[in-house]
There are 2 protein chains.
Amino acid sequence: MVANQNLTEFISKHKEMVEKELEQRMNDLNCPAIIKQAMAYSLQAGGKRIRPLLIFATLDAFQLPTEYGLEAACAVEMIHTYSLIHDDLPSMDDDDLRRGKPTNHKVFGEAIAILAGDGLLTHSFQTIAGINHLSSEQKLAIIYELAHAAGPEGMVGGQVADIEGENKKLELKDLEYIHIHKTGKLLSFCVKAGTIIANCDQKVSEQFEQFAYHLGLAFQIKDDVLDVVGDVEKIGKRTGSDIEKNKSTYPSLLSLDGAIEKLNDHLQKAKEHLANIPLNTVILEQLTDLIGIREN
Amino acid sequence: MVANQNLTEFISKHKEMVEKELEQRMNDLNCPAIIKQAMAYSLQAGGKRIRPLLIFATLDAFQLPTEYGLEAACAVEMIHTYSLIHDDLPSMDDDDLRRGKPTNHKVFGEAIAILAGDGLLTHSFQTIAGINHLSSEQKLAIIYELAHAAGPEGMVGGQVADIEGENKKLELKDLEYIHIHKTGKLLSFCVKAGTIIANCDQKVSEQFEQFAYHLGLAFQIKDDVLDVVGDVEKIGKRTGSDIEKNKSTYPSLLSLDGAIEKLNDHLQKAKEHLANIPLNTVILEQLTDLIGIREN
């Protein structure tokens with residue numbers, strides 16, 4: 001990753017923070033060892049931790065201690081990780097590798113992988129309900145937003161639309177539906193969680209929401225682009241899999257140049273909304289740039 | 001089912017209430033049609049609705065309108081239904097029939113079945129977070145208890161222990177661990193949710209908890225007994241499947257007579273705790289009797 005010094009430090013500090021907390025939370029569970037291992041295996045498999053970082057970066061704009069977002073960060077990473085475990089299953093994407101490591105079901109078998117996903121999903125809500133330092137209203141708002149972003153009207157709906165769209169030539173609006181739901185809603189949740197924790201007013205929250213919307217689309221278009229031009233070593237999984245699976249993507253619908261143009265357009269719009277926010281959003285701005293230039 | 005007149009009316013009224021509400025909630029979802037159909041298919045597949053009924057019966061003891069428990073009843077039925085969908089999958093129990101109907105993955109395919117389960121699980125938390133008529137503290141307490149009862153330290157942990165125990169001769173304490181977690185915790189949640197909604201004091205809540213603990217074990221022992229002596233027509237699935245799968249059960253560890261004795265012992269203890277509660281618990285008492293004599 002190419003990032004400036006401040007952002008590099010911000011990322012490394014907060015990645016460590018959330019990874020340590022996730023490890024601790026798994027260790028503390030009183031449950032059969034194998035399920036604990038299976039959940040921890042995928043949680044610890046690395047990744048960019050972009051969702052936790054978005055929560056922390058949003059809190060940073062309010063000059064709030066980023067620790068205030070630690071439980072929400074763990075919760076969203078549990079949900080993201082469960083979705084990867086289930087997506088990789090033989091009856092879904094049937095992937096053997098994830099971030100360069102064998103997928104959960106390859107190590108623990110399908111039954112335990114399904115249950116590890118179920119366990120992470122369920123535990124994410126307990127994690128938020130158990131927060132000490134927020135008001136009940138804040139915790140409930142976060143739970144509602146998280147369930148909505150991850151459920152049938154959010155990520156699960158997007159995944160279903162993605163499956164339904166396989167081997168079909170989609171229109172751009174269908175592709176956007178998939179991405180907004182499959183990836184965008186959970187990314188937007190992270191920014192929203194930050195504004196809930198900060199008790200942000202409605203008008204500023206709307207700018208954050210618009211920012212997150214464009215960032216989410218940019219993130220997914222970049223993913224599609226990397227599947228065409230990315231370096232397999234850096235991505236940690238096969239490239240070209242979208243083409244192999246005959247999946248509609250931004251490059252396949254708009255050409256590679258058209259997709260890159262759309263990517264830059266969304267990055268630009270995201271930064272315009274940030275500029276409308278009367279706070280120091282420098283870390284969010286740098287994260288936005290990083291999403292545009294990331295190589296994995 | 002054999003039940004006296006009052007209980008029969010109570011059951012039929014409240015089953016209809018929760019089934020109608022579940023149908024409405026699925027209809028209201030803004031998501032791809034196929035996932036809505038898949039979730040609704042399994043929600044509408046019938047069943048005893050024992051979990052919702054336990055919530056309603058607990059509220060009845062406090063002479064509270066049973067409608068107060070409607071969202072919690074929907075949420076717990078969503079969680080119970082998700083667990084059945086995932087348990088039936090080829091990599092788990094590989095069941096083709098559930099309540100006499102083809103299982104979810106037989107109708108919708110494995111990928112959609114996994115996602116229907118994920119969707120129901122996630123949406124259950126949104127359902128509780130969205131309740132209008134309870135305090136934020138009550139809603140959070142219900143969410144915490146539900147996630148704990150359903151997650152790695154509850155139902156998911158019990159399911160994992162069940163899988164790990166296949167083809168092994170278990171000790172009674174291992175079998176109890178499985179049942180307390182796989183079935184008992186979610187049944188106990190229902191009674192707990194009722195006491196949270198009723199703002200019940202600690203001392204009485206403890207009696208309700210002990211009641212629910214024994215009821216949960218009785219329920220599962222009865223399930224094991226029915227797998228040996230039950231009528232396939234009434235149960236709606238094959239009997240003898242535990243023996244086929246070489247699963248440890250109460251009858252296999254204690255003999256059929258021993259299992260029935262243990263069942264009666266737990267029913268007796270459940271009713272003793274009910275008797276310690278200074279409320280009119282007649283419906284809970286009748287439900288307890290019904291669990292002992294049920295034929296499916």
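User: What makes the copies meet through the same surface?

Analyst: This is a predicted model, where local features need pLDDT of at least 70, side-chain atom pairs count only at pLDDT 80 or more, and totals for chains, interfaces and linings use all residues. Residues are numbered from 1 along each chain as its sequence is written, and chains are lettered from A and ligands numbered from 1 in the order in which they are written. Now the surface: 100% of the interface residues of chain A are also interface residues in chain B, so the copies meet through the same surface. Contact here means that the C-beta atoms of two residues, placed from the backbone, lie within 7 Å.

User: How many residues does the contact take from chain A and from chain B?

Analyst: Chain A gives 44 residues and chain B gives 44 residues. On the side of chain A that touches chain B, helix 6 of chain A gives the most, with 13 residues. That side divides into 25 nonpolar, 13 polar and six charged residues. Nonpolar covers Ala, Val, Leu, Ile, Met, Phe, Trp, Tyr, Cys and Pro; charged covers Asp, Glu, Lys and Arg; the others, Gly among them, are polar.

User: How do you know that the two copies are related as by a two-fold rotation axis?

Analyst: Superpose chain A on chain B: this takes a rotation of 180 degrees with 0.0 Å of shift along its axis, and the RMSD is 0.0 Å. The two copies are thus related as by a two-fold rotation axis. In chain A, the C-alpha nearest the axis belongs to A:Ser136, 2.8 Å from it.

User: Why are helix 8 of chain A and helix 6 of chain B called roughly antiparallel?

Analyst: Their angle is about 165 degrees, and their axes are 10 Å apart. Angles over 145 degrees count as roughly antiparallel, those under 35 as roughly parallel, 65 to 115 as roughly perpendicular and the rest as oblique. Therefore helix 8 of chain A and helix 6 of chain B are roughly antiparallel. Among the residues that meet there are A:Val156 and A:Ile163 in helix 8 of chain A, and B:Leu115 and B:Thr122 in helix 6 of chain B.

User: Why are helix 10 of chain B and helix 14 of chain B called roughly parallel?

Analyst: Helix 10 of chain B and helix 14 of chain B pack at about 25 degrees, with axes 9 Å apart. Angles under 35 degrees count as roughly parallel. Therefore these two helices of chain B are roughly parallel. Their contact includes B:Phe219 of helix 10 of chain B and B:Ile291 of helix 14 of chain B.

Definitions and conventions
Helices (H or I, at least four residues) and strands (E, at least two) are DSSP runs, numbered from the N terminus. Axes are lines fitted to C-alpha atoms, for helices over the stretch in contact, and angles run from 0 to 180 degrees between N-to-C directions. Copies are superposed by least squares on the C-alpha atoms of residues with pLDDT of at least 70 in both.
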